[in-house]
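User: I would like to learn how to read a few features of a structure. Please take them in turn, with the general idea where there is one and then the case at hand.

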Amino acid sequence: MKTLLCRHKILLTIILLLGSVFFSGQVVAAEVSEDTDACIGCHSVVTPGIVSDWQKSLHYKVSPTEGLLKDSIERRISAESVSEGLAETVVGCAECHMMNSGKHPDSFEHNGFTIHTVVSPADCATCHPTEVTEFADNLMAEAYASLMNNPTYAHMIDSTNGNHEFDEGAMNFHGSDPLTEADSCLSCHGTDVKIIGVETRETDMGEMNFPQLSNWPNSGVGRLNPDGSVGACSSCHMRHQFSIEVARKPYTCAQCHKGPDVPAYKVYSVSMHGNIQKSVDKNWDYKAVPWTVGKDFNAPTCAVCHASEIVDENGEVLVKRSHRFNDRLPWRIFGLPYAHPHPIEADTSNIVNKGGLHFPTELTGEPVSKFLISQEEMDKRQVNMEAVCSGCHSYQWIKGHFARLDKSIETTNHMTLQATKILSQAWAEGLAEGIPQGENPVNEAIELKWVEQWLFFGNSTRFATAMGGADYGVFADGRWSQTKNLQEMYDYLKFLRATKPPLKN
Amino acid sequence: MKTLLCRHKILLTIILLLGSVFFSGQVVAAEVSEDTDACIGCHSVVTPGIVSDWQKSLHYKVSPTEGLLKDSIERRISAESVSEGLAETVVGCAECHMMNSGKHPDSFEHNGFTIHTVVSPADCATCHPTEVTEFADNLMAEAYASLMNNPTYAHMIDSTNGNHEFDEGAMNFHGSDPLTEADSCLSCHGTDVKIIGVETRETDMGEMNFPQLSNWPNSGVGRLNPDGSVGACSSCHMRHQFSIEVARKPYTCAQCHKGPDVPAYKVYSVSMHGNIQKSVDKNWDYKAVPWTVGKDFNAPTCAVCHASEIVDENGEVLVKRSHRFNDRLPWRIFGLPYAHPHPIEADTSNIVNKGGLHFPTELTGEPVSKFLISQEEMDKRQVNMEAVCSGCHSYQWIKGHFARLDKSIETTNHMTLQATKILSQAWAEGLAEGIPQGENPVNEAIELKWVEQWLFFGNSTRFATAMGGADYGVFADGRWSQTKNLQEMYDYLKFLRATKPPLKN
Amino acid sequence: MKTLLCRHKILLTIILLLGSVFFSGQVVAAEVSEDTDACIGCHSVVTPGIVSDWQKSLHYKVSPTEGLLKDSIERRISAESVSEGLAETVVGCAECHMMNSGKHPDSFEHNGFTIHTVVSPADCATCHPTEVTEFADNLMAEAYASLMNNPTYAHMIDSTNGNHEFDEGAMNFHGSDPLTEADSCLSCHGTDVKIIGVETRETDMGEMNFPQLSNWPNSGVGRLNPDGSVGACSSCHMRHQFSIEVARKPYTCAQCHKGPDVPAYKVYSVSMHGNIQKSVDKNWDYKAVPWTVGKDFNAPTCAVCHASEIVDENGEVLVKRSHRFNDRLPWRIFGLPYAHPHPIEADTSNIVNKGGLHFPTELTGEPVSKFLISQEEMDKRQVNMEAVCSGCHSYQWIKGHFARLDKSIETTNHMTLQATKILSQAWAEGLAEGIPQGENPVNEAIELKWVEQWLFFGNSTRFATAMGGADYGVFADGRWSQTKNLQEMYDYLKFLRATKPPLKN
């Protein structure tokens, strides 16, 4: 990569000669720390985009001390106080990338500073402890463990990412590899980032050492960080502007919640809420804290319903902020064969049903209750969610809406069960090899059709009901697709039989 | 829902003690009626979002009398005059929700006022009679009747929404239920909203009675309202801002016109028109009445081509506003097996073909002409549509464009016919049970594939042609999918035969 | 089209009487040429939208002479100078539509002027020669030839667009027609526009003659123009505002790059880059030349990575502008069965593999190296692309990212190969008729499934890797779909066998 090496050579030589003073008068604000100033000295040349981006952030504009002076309802910092060393300067490169260095095995010497690449939730907790604590109870925070430590999902990962072979008339299944997994499932779920060595490289600044990170880059929401913490705040609060506006816009959630397996954004985009947002959100204030319904926005985004603190123009709080998104969710409506009450623990890999599968329901749909929240907890969460709706909607509207969600959960679970019965019949007749044979239950064509029955069509239908997504509950991977897939599985059973010698009638 | 009950108790008690005067100085404009003022007194606390939303509307800012003073080409009110009681105050809660109460079986006593929940087109017609009258001639206005009263569609609804069962090796078909239908097809088509009882509820204001509405909530375009009227203006003119900007943006139409069955918005979004709109519409004036091509917008949205009045900078009218969208549509290119001239009547459930199906064409594609508009009427509508195009395009451009649409209608109809011939063969051989057997013709897998041939792929191709949607006429559910689906149906016929004992060769 | 004829009659009569002077004081700027002024005289009435659109363009606001005065890094004109006739007035109707008339067989006499309809890259090269020259080396520029002159693609066009027939139990394949092709593949690839006659029409101005253009309208990127040139600048620089803002926004590329065959925009829209763009690009300056990373934009659009000149706030150029998009692309990751190094020549129809197919790889994936760029050239292009990334990302981030792309190319090619082996088996057993039989290899159902393996699922996966598109590499036409399609092809082979009489077992 010769060009990258040479690009800034002259400029950087000047910097080294003059010191960072050269830049401090130019791009850096008064309260920037000396250490950060030094970072910027080179990085405004080496990675200019992220320096400019950061300069548009609140981190750059407001010091923690100034932040702490705000009324609690307007405050962005949840810590009661911050240490003296951090209080007076703005939050810059050094403040995050040099923090907690003793706890960071990825810390390394870099031009006279000890820095780490992977800023983790444990670092962010210095100023934002409530958010980090709440987030840790999210299903999302354990997105890595819940996927990778569940044997059935391991089968599904192999099946999806594997390099299968058609050889001598038979299909042979092969496993996946780390590069593909990091690029596939784990791009959203998060990778396992560890130090795996040190690399010496020629740079514009001469020879330098850098720790080598495994499975990097990654911003997955359940990332395992080198410092032992879990999660990545930057999944939703993008580096280095960390804009609340971006986090509150639905495009952030769409990064991982748009595919056929979890079409939340698609559904939102055709809902009346999504229409209003796209049509007139230029008039909204996405940065206001607190966030006032009607004044700052006229229709919810994902954040409004699932995370943000919402107040009315009288200053009354409709619903409290929570980064534990489960707080407003009684049901888990996607990701598993059957919708079911939310799991108690964020790490779901320890859930086991009677059949030994790590599923929160039996294969026939009955919930495995001891791992799931109680009816009382469900009711409490339902109240939280309805408090958001009540910003604009009447009691009868809200109750009518959620009655449909209950029905949608019931009917989609029913339609998954029928697909399960067909699959079980295929296994019983030896037309496919799955659980009874101790084989991967999700790699043959009829098995993959079964997966789509719930992962695509059940999910899509339930999301459409929950968020008013019209066609996503009908023709766009909705009820129509559920019926069609079921009928095709039924015929498939017959086609598979017809290929079995000797043909039995 | 304890929280909702308690949330505002203290505040509402204060309101009751002080009367609505408490609020009138604060959030309410001078010309708001006393009745509306009283509504706001509580509802700025109970449903603050919709109060704020309304305060951003023209309804809040301009009284009917002021509206009537505008030049006719700028006027939003189509009534010649309004009654004295309505003329001087702005249009607020009371003006709509207390209007025509004698005609509203859903009217009820509410804190000393007689109000109704479901404001209907008959209410809106007080100020907007032309729009309501025109809209009634739209296919959309009869979206409920045309769907629910057509026996073939009834089969399709059952098939789509039904709770089918795989039992003892056979597939049993079951019908649907009202909650599912309201959440599925009828979320766009509209539900049948009736008074089905009265509910007494504990509220923040003490015990209150509310009429119970069936199939509520709903904003479907063909909704049957308790007052006997049909339709919902709020499908496109969202409560309570009723913003013309929202109605003119394509995201409104996308609510119901984005799925694979009617991918109008998808097609628009990849058209050159849609590109320009997304790229630079921040510079457009979506609120201008009249709407000037080139000055207020540089590319059409859905509304430009199908509804709005368009003028040029000389003030000349290119095309008149019409809420009877059919006025510019010679062909009906979606929803039925074959594209055909538009039906004469908005309620199409009375159309019957020679085979007894309630289809506007025979099963083999020939139009059932007596229910359809004449060539003369088609020509007239074509002229209306071309008048819009002529704002930017030359004669040869326009003629070349529509020659392709004629061909696209011809070829997609041809490809549907081939699928119909395969399906008929399946029925003839008893490989599926449909019309010849007097059974549901759209519930078995091969039948559902037939439906997708026209409902998805024929539609998508025609929309792509009509609106310049490139890949939606090729690989994105377009001609490619038509061919692939046809070939698969052809093989399916053979696969079904192979499962029939004894195997005949 | 009576209305179009009559609409402006009175107004145009006035114009003819008063001359164009009538308008020049009103809508036309000082420096507009007399000829353009005359055009506007009528066209502000006949096609008012494009006149207004042009008036918002830089062409209208800045004369070439003024443009040439800018510093080279800010300059939009790449010509060193322009001829005297063009230099002093703004670039209006006459300047483009009357240019090079001797070379334009589509030139015709029009109200006393000699004009041509189809302005071509050869015309644009008068002021923008560098861009036109670079563009000519793009694969895109030869989009027509590379598609239409490749016999295998000819099969695919027939298969996609053809009017197939199911007759007497057999499927008969029929070819396509020019109207359908222009509306399908060629809407993006470009049509062959020729003069095919002259038409005399009654207009508002009396009887007039117009040359008839074949396959018109069209703005496809590889269009064959009447003047013998190739391409259409207006594909991305839309008439008549020619806004750099539009070209730099991703919606322009989405016109042709959004379908399942080339889901670049879809992938972008769920990437972190796309999220940031949609969330905060209202704060960006899409018109700045040069374009400064961090200051003018905070995340790339398509143009940033593939075309634009990018500078940093110090004025240093990260990467040079190029309309030869290949300059930054070592690999060609879509359109062909296997990803492979970029072809050397833009017209790929002359490439032939050992098997006689006009493919840049063998049917089993090995690259046909003599037609493809060398490793050295690939490395050079990789350096160019990484220079863009380095605006915000570190060395390790970039290297980690591209290591995944290498792996993704390897695994998707592997999965295509397995599908090819199944298809070859089907051909060998006579279960389908393709290459061994000298028949169309892409028209039967199992063949079409093979095409989707690479055209949809391989492409989608690679795009997702290249641009961080999460689910488009997994469930949204990604690796999941690759596996499922492969398993279905495997079963399909067995189903086809079961239909063959006599049934052998």
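User: Let us start with a contact between chains. How many residues of chain B and of chain C take part in their contact?

Analyst: The contact takes 58 residues from chain B and 59 residues from chain C. This is a predicted model. As a general point, the size of an interface is often given as the accessible area lost when the parts come together. Here the reading is by residues instead.

User: Which element gives the most to the side of chain B that touches chain C?

Analyst: Helix H22 of chain B does, with 14 residues. Helices H19 (272-280), H21 (375-389), H22 (395-428) and H24 (479-498) of chain B each supply at least two residues of that side. By class, the side of chain B that touches chain C has 22 nonpolar, 21 polar and 15 charged residues.

User: What does the contact of chain A with chain C look like in the same terms?

Analyst: There, 59 residues of chain A are in contact with 59 residues of chain C. On the chain A side, the largest share is six residues, from helix H5 (residues 48-55) of chain A. The classes on that side are 30 nonpolar, 19 polar and ten charged residues.

User: Which rotation superposes chain A on chain C?

Analyst: A rotation of 120 degrees does, with 0.0 Å of shift along its axis and an RMSD of 0.0 Å. Here too the copies use different surfaces: 5% of the contact residues of chain A recur in chain C.

User: Now a single chain. Into which domains is chain A divided?

Analyst: Chain A has domain 1 (1-97), domain 2 (118-242) and domain 3 (324-498). A contact between domains can be read like a contact between chains. In chain A, 18 residues of domain 1 are in contact with 16 residues of domain 2. The elements that give two or more residues to the domain 1 side are helices H2 (9-18), H5 and H9 (93-97) of chain A. H5(A) gives the most to that side, with three residues. The domain 1 side divides into ten nonpolar, five polar and three charged residues.

User: How should I read a sheet?

Analyst: Strands of a sheet pair through backbone hydrogen bonds, either parallel or antiparallel. In chain C, three strands form an open sheet in the order S7-S8-S9, with mixed pairing. The edge strands are S7 (291-292) and S9 (317-319) of chain C, each of which pairs on one side only.

User: In which sense do S7(C) and S8 of chain C pair?

Analyst: They pair in the parallel sense, over two bridges, with S8 of chain C covering residues 310-311. Within this pairing, C:Thr292 stands opposite C:Val311 in S8(C). Helix H21 (residues 375-389) of chain C lies across S8 and S9 of chain C, at about 125 degrees to S9(C).

User: How many bridges join S5(C) to S6 of chain C?

Analyst: Eight bridges join S5(C) to strand S6 (residues 206-213) of chain C, and the two strands run antiparallel. They form a hairpin with two residues between them. In this pair, C:Thr200 stands opposite C:Asn209 in S6(C). Strand S5 (residues 195-203) of chain C is hardly covered: of its nine residues, the count of buried ones is zero.

User: Last, single residues. Where is A:Asn149 placed?

Analyst: A:Asn149 is in the loop between helices H12 (143-148) and H13 (151-161) of chain A. It counts as partly exposed because it has 15 C-beta neighbours inside 10 Å. A:Asn149 and A:Asp347 are 198 residues apart in sequence, yet 9.3 Å apart in space, C-alpha to C-alpha.

User: Why does B:Lys500 count as partly exposed?

Analyst: B:Lys500 counts as partly exposed because it has 14 C-beta neighbours inside 10 Å. B:Lys500 is found in the segment after H24 of chain B. The C-alpha atoms of B:Lys500 and B:Leu431 are separated by 8.1 Å, with the two residues 69 apart along the chain.

Key:
Residues numbered from 1 in each chain as written. Chains lettered and ligands numbered in written order. Predicted model: local features only at pLDDT ≥ 70, side-chain atom pairs only at ≥ 80, totals over all residues. Pairing = 2+ DSSP bridges. Helix = DSSP H or I, 4+ residues; strand = E, 2+ residues; numbered from the N terminus. Contact = placed C-beta atoms within 7 Å. Axes fitted to C-alpha atoms, helices over the stretch in contact; angles between N-to-C directions. Nonpolar A, V, L, I, M, F, W, Y, C, P; charged D, E, K, R; others polar. Buried ≥ 20, exposed ≤ 12 C-beta atoms within 10 Å, placed from the backbone. Domains from an automatic or database assignment. Least-squares fit on C-alpha atoms with pLDDT ≥ 70 in both.
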